[in-house]
Amino acid sequence: MTDTRKDVPLFTPIKSRGVTAKNRIVISPMQQYSAGNDGKPTSWHLSHLEKLAIGGAGIVFTEALAIEEQGRATHADLGIWNDAQVEALKPIAEAISRHGALAGAQLIHAGRKASVQVPWDGYQSLNAENAARGLAPWPTVAPSAIPANPGWQVPKALTIDEIRRLRDAYGIAARRAAQAGFQALNVHGAHGYLIHSFLSPLANHRTDEYGGDIQGRMRFPLEVAEAVRAEWPSNLPIFYRLSCIDDLDGGWTLDDTVVLSRELGARGIDVIDCSSRGLAERGTLSPGREPGFQVPFAERVRKDTGLSTMAVGLITKADFANDIVASDRADYVAIGRESLINPHWPLHAAVELGFDPDYQTWPQPYGWWLLRRDRAAARGR
Ligand SMILES: Cc1cc2nc3c(=O)[nH]c(=O)nc-3n(C[C@H](O)[C@H](O)[C@H](O)COP(=O)(O)O)c2cc1C
């Protein structure tokens, strides 16, 4: 180790409950649409996630795992509603942990955005043509019978009994995630899926206790928080991903997010994962977004609630990521698509920011050579 090694906020370990992430870099959940219609991971998921753990992130989250079969978005999504899926997920959690990252699992019910084609097939509601190819649509559910987009399947409005059964299904899924060996949980409450559709006045027109004012619209998302906290080990953290704004007239606002985050914190949620949008077609990944466009949400929630936050969205530069943590705008920084370009993004950031000029944090079979290559290049100059 040389004495040029610097203290770098992005690489300061962070403890949440009983576990410590070695740095602030988190691999954001990313669906691979590569499961084989049984909701079980394939060798692709293992290679993909293990590679990202080798890349040096502090936490690697799986893609969204459906809490029940109808809660998948597509036929090719992963699930965690049966024991066979738990068994199949175990090697993934083990592989991520073996490379020094915390293994994280995300839970989802896709709600009214379920039963859709995979993106490269068009990302519309499944139809008769898909059914003829063995990809039959299935009925979707939501707080109210309002489709996510024009022409999409009209969801069935959930009864109160069905809402309570789904709340319990989140808890059971959290228990299964712990059985599979995951050490961090992420509840997907964003991007127009079931939880988000309860929160937004544009999707939730219920007149019972699960709708109406913000207290009613928050009821199901908060009950889910209680259900997962009750089943998930008390020494392990829970992240809760929110769409901090709908960015639609009459929709969910950042002020609403602050109110909800306080309530989530009171129910044992540890980190608010600050995403946005997705209730309708115009989603978080639509054109025109600036680097770090969601960082102000993480900053505001952190400042107003005192909770830990995660920033996500077009964070691609090491300097920028480090500055977000150094300036106390977020505790964690999630990297999504950039990790598809460069799965070793965290390892590179460590070298670039001077935290690890000698490749000491790299896997030895790589780092040993790269250090010598750098020295040889320096001698040659
Ligand atoms: C291929 C792909 C799949 C995604 N799947 C999920 C998912 O399963 N759960 C989720 O919360 N977000 C999902 N997202 C959103 C990402 O986690 C992330 O928030 C978004 O891509 C913005 O970050 P980035 O600009 O670093 O990619 C997905 C994004 C992509 C590109």
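Trainee: In which sense do strand 11 and strand 12 (residues 332-335) pair, and over how many bridges?

Mentor: Strand 11 and strand 12 pair in the parallel sense over three bridges. Strands here are DSSP runs of E with at least two residues, helices are runs of H or I with at least four, and both are numbered from the N terminus. Please note that this is a predicted model, in which local features need pLDDT of at least 70 and side-chain atom pairs count only at pLDDT 80 or more, while totals for chains, interfaces and linings use all residues. Residues are numbered from 1 along each chain as its sequence is written, and side-chain values use heavy atoms, leaving out hydrogens and water.

Trainee: Which residue of strand 12 stands opposite Met310?

Mentor: Tyr332 in strand 12 stands opposite Met310. The chain reaches strand 12 from strand 11 through helix 9 (residues 318-326), and this β-α-β crossover is right-handed. That term applies if, with the strands pointing away from the viewer, the path from the first strand over the helix to the second runs clockwise.

Trainee: Why is strand 11 (residues 308-312) called largely enclosed by the rest of the structure?

Mentor: Four of its five residues are buried, so strand 11 is largely enclosed. Buried means under 20% relative accessible area, exposed means over 50%, and partly exposed lies in between (1.4 Å probe, protein chains only).

Trainee: How many aromatic pairs does a search of the whole structure find?

Mentor: The search finds nine aromatic pairs. In one of them, the rings of Phe61 and Phe239 have centres 5.3 Å apart and planes at 75 degrees.

Trainee: Why is the pair of Phe61 and Phe239 called edge-to-face?

Mentor: Rings of Phe, Tyr and Trp (its six-membered ring) pair if their centres lie within 6.5 Å; planes under 30 degrees apart count as stacked, over 60 as edge-to-face and the rest as tilted. The planes stand at 75 degrees, so the pair is edge-to-face.

Trainee: Are Phe61 and Phe239 buried or exposed?

Mentor: Phe61 has a relative accessible area of 1% and is therefore buried; Phe239, at 0%, is buried as well.

Trainee: What makes the charged end of Arg372 sit over the ring of Trp368 by definition?

Mentor: The rule asks that NZ of Lys or CZ of Arg be within 6 Å of the ring centre and within 35 degrees of the ring normal. The charged end of Arg372 is 3.9 Å from the centre of the Trp368 ring and sits over that ring.

Terms used. Pairing = 2+ DSSP bridges.
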